[in-house]
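Please keep the sequence and the 3D view at hand while reading.

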Amino acid sequence: MRTDFVRALERAANLEELSRDELAVLISADEEESAALFDCADMMRSRFMGDEVHLRGIIEFSNICSSNCYYCGLRKGNTALKRYRMSKAEILESARKAAVLGCRTIVLQSGEDRSYPAGLLAEIVAEIKSELDVAITLSVGERPREDYALWREAGADRYLLKHETCDGKLFSELRPGTVLEERLQRLAWLRELGYQVGSGNMVGLPGQTVETLAGDIVLMREMEVEMAGIGPFVPNRQTPLGSCPGGTLELTLKTLAAARLALPRTHLPATTATATIDALGRVKALRCGANVIMPNMTPLKYRASYSIYPGKTGLEDTPEESYAKAVRMVESAGRKVGTGYGHSLRHLEKKAEAQAQAV
Ligand code: SF4
């Protein structure tokens, strides 16, 4: 093993803050080093996050998008895609089903559907929160600050807005008309508004280097994110990047493991995209630092139309099957399904502090 790799891994195990260069050394691990990296990440996950895996039921309620990201099948330029928006009644029904199955978090995700009325989403959030004992994560992209505030007041607990890449030039190339600084500004607003904040990045984008991936982790550490979704770039033929090579499982797992070492108290999902490039991808991710799985609760009739990338796993699984599969994955990794909401540790600490002060 390389001396700088061993040194970086030792420093990580001692909870010392790794530099971007050290993270890049970890991410460029060879096969022997990877085994040590994965073991260390798994140990860190066990120490800080325990053995529970949180199952967050995701409802993909609209595939309409006003943006034109080069890597995503939901881009507005993809005229081959059949568009849909679930009704409020359908969303509530899916949320009920997810809660009955055992999900303690409902994730409401959509394309960047800017004409979706903020007030309607607020109503949906409020009704779910009043009826069901669940936390709510929203993932609906870039919106004005007042929309984020409205949804927070309605009861949303968390917001997921991936920064996708820390390379500002690459960001603007891949997301025409948008800049990284504005994305980061929105993440700052979400924090100010009291959300538990999630971000994340893709692995294997064209033009990305190992140093970029290390920079993604450093950026998320600086933002103190409470969730970090790290998954492979999967090319979609109906997009401008359709003929580019995709991200590999190996690089994705190494980036995930390095993220676990740098962000020991952050929730890290074993992403669906990981399962798309390798049937056992999510179980492998659970062994490299991940502690969250998001079973798909979207009604079957809409499932295939939420095609950010092709070959998405579980397109024919009912919500019940998606949930059962997630449970089997957790068990096959020797772990147990989380029973709580799966709030961030920082959120739980803040709540405990407030309670102590109130006594
Ligand atoms: S990544 Fe998000 S904003 Fe970009 S095209 Fe896809 S759904 Fe729309």
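Glu164 sits in the loop between β4 (158-160) and α7 (168-174), where helices (H or I, at least four residues) and strands (E, at least two) are DSSP runs numbered from the N terminus. The phi of Glu164 is positive, near 70 degrees, in a residue other than glycine.

Glu224 also has a positive phi, near 50 degrees, and its place is in the loop between α9 (210-222) and β6 (227-232). With a relative accessible area of 47%, Glu224 is partly exposed.

## Basis of the model

This is a predicted model, in which local features need pLDDT of at least 70 and side-chain atom pairs count only at pLDDT 80 or more, while totals for chains, interfaces and linings use all residues. Residues are numbered from 1 along each chain as its sequence is written, and side-chain values use heavy atoms, with hydrogens and water left out.

Helix α3 (residues 31-49) has 19 residues and reaches 26 Å from its first C-alpha to its last, close to the 27 Å expected at 1.5 Å a residue, the expected span being 1.5 Å times one less than the number of residues. Its buried residues are Glu33, Ser34, Leu37, Phe38, Cys40, Ala41, Met44, Arg45 and Met49. They lie on the same side of α3 because they cover an arc of only 165 degrees around the axis, taken from the directions from the helix axis to the C-beta atoms. Among the elements that cover these buried residues are α1 (3-13), β1 (52-62) and α15 (345-358), where contact means heavy atoms within 4.5 Å.

The face of α3 turned away from the buried side carries the exposed residues Glu32 and Asp39. Asp39 counts as exposed at 56% relative accessibility. Beyond the end of the helix, α3 is followed by Gly50, whose phi is positive, near 75 degrees.

## The shell around the ligand

The ligand is surrounded by Cys65, Ser67, Cys69, Tyr71, Cys72, Leu74, Arg75, Gly111, Glu112 and Arg175, a residue being near a molecule if one of its heavy atoms lies within 4 Å of it. This shell divides into five nonpolar, two polar and three charged residues, with Ala, Val, Leu, Ile, Met, Phe, Trp, Tyr, Cys and Pro counted as nonpolar, Asp, Glu, Lys and Arg as charged, and the others, Gly among them, as polar.

Key. Buried < 20%, exposed > 50% of the residue type's maximum accessible area, 1.4 Å probe, protein only.
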